[in-house]
Amino acid sequence: MSERDIDDRFEPPPAEEGVSDDRSAEPERAEGREQQVRALVARLGRPHASGGTVIERAALLAEGADFDAVVAWILAHGGEPEARATTASVRGLYGPRSDGGGGESQAPRRFVLPRGAMDD
């Protein structure tokens with residue numbers, strides 16, 4: 001193996017045409033991502049009784065989008081996980097199986113955005 005072969009292994013690959021290593025392009029990508037998430041939430045969201053928008057967790061997961069990024073966007077825009085109604089623990093043969101048991105923390109089923117959150 002020659003010295004030139006060794007040097008070639010450690011050099012970065014040539015930049016693809018149209019791809020920039022410029023860091024100034026990152027805000028444009030972030031803005032594009034913001035618009036994608038906003039469009040996704042607008043499409044999947046439904047009117048809520050509070051006047052805001054409600055989005056089902058299952059719909060977000062089924063969409064196949066970056067779930068964590070979408071939830072972070074919802075929380076950053078004033079959205080909150082919908083509080084689940086607490087039920088008394090049921091005893092008996094089928095009690096432990098009904099709705100996940102009593103008092104266990106579960107993922108929220110829906111997220112609620114306040115009125116005007118989609119108007120930004």
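Student: Which residue in S4 does Thr-53 stand opposite?

Tutor: Thr-53 stands opposite Leu-113 in S4. Strands of a sheet pair through backbone hydrogen bonds, either parallel or antiparallel. Here two strands count as paired if DSSP finds at least two bridges between them. Helices (H or I, at least four residues) and strands (E, at least two) are DSSP runs, numbered from the N terminus. This is a predicted model, where local features need pLDDT of at least 70 and side-chain atom pairs count only at pLDDT 80 or more, while totals for chains, interfaces and linings use all residues. Residues are numbered from 1 along each chain as its sequence is written, and side-chain values use heavy atoms, with hydrogens and water left out.

Student: In what order do the strands of the sheet come?

Tutor: The order is S1-S2-S4-S3, in an open sheet of 4 strands with antiparallel pairing. Strands S1 (46-47) and S3 (80-81) are the edges, each pairing on one side only.

Student: How many bridges join S2 to S4?

Tutor: There are 4 bridges, and the two strands run antiparallel. In one of the pairings, Val-54 stands opposite Val-112 in S4. On the S1 side, 2 bridges join S1 to S2 (residues 53-56), and Arg-46 stands opposite Val-54. S3 and S4 also pair over 2 bridges, with Phe-111 of S4 as the bridge partner of Pro-81.

Student: What sits between S1 and S2 in their hairpin?

Tutor: There are 5 residues between the strands, and Gly-51 takes a positive phi near 100°.

Student: Now the helices. Which residues of H4 are buried?

Tutor: Buried means under 20% relative accessible area, exposed over 50%, and partly exposed in between (1.4 Å probe, protein chains only). In H4 the buried residues are Phe-67, Val-70, Val-71, Trp-73 and Ile-74. Seen down the axis of H4, they fall within an arc of 155°, so they line one face of the helix. That arc is the one spanned by the directions from the helix axis to the C-beta atoms. The face turned away from the buried side carries the exposed residues Asp-68 and Ala-76. After H4 comes Gly-78, with a positive phi near 90°.

Student: What do the buried residues of H4 pack against?

Tutor: Contact means heavy atoms within 4.5 Å. These residues pack against H2, S2, helix H3 (57-63) and S4.

Student: At what angle do H2 and H4 pack?

Tutor: Axes are lines fitted to C-alpha atoms, for helices over the stretch in contact, and angles run from 0 to 180 degrees between N-to-C directions. H2 and H4 pack at about 85°, with their axes 10 Å apart. They are therefore roughly perpendicular to each other, a label for angles of 65 to 115 degrees (under 35 is roughly parallel, over 145 roughly antiparallel, the rest oblique). Among the residues that meet are Val-37 and Leu-40 in H2, and Val-70 and Trp-73 in H4.
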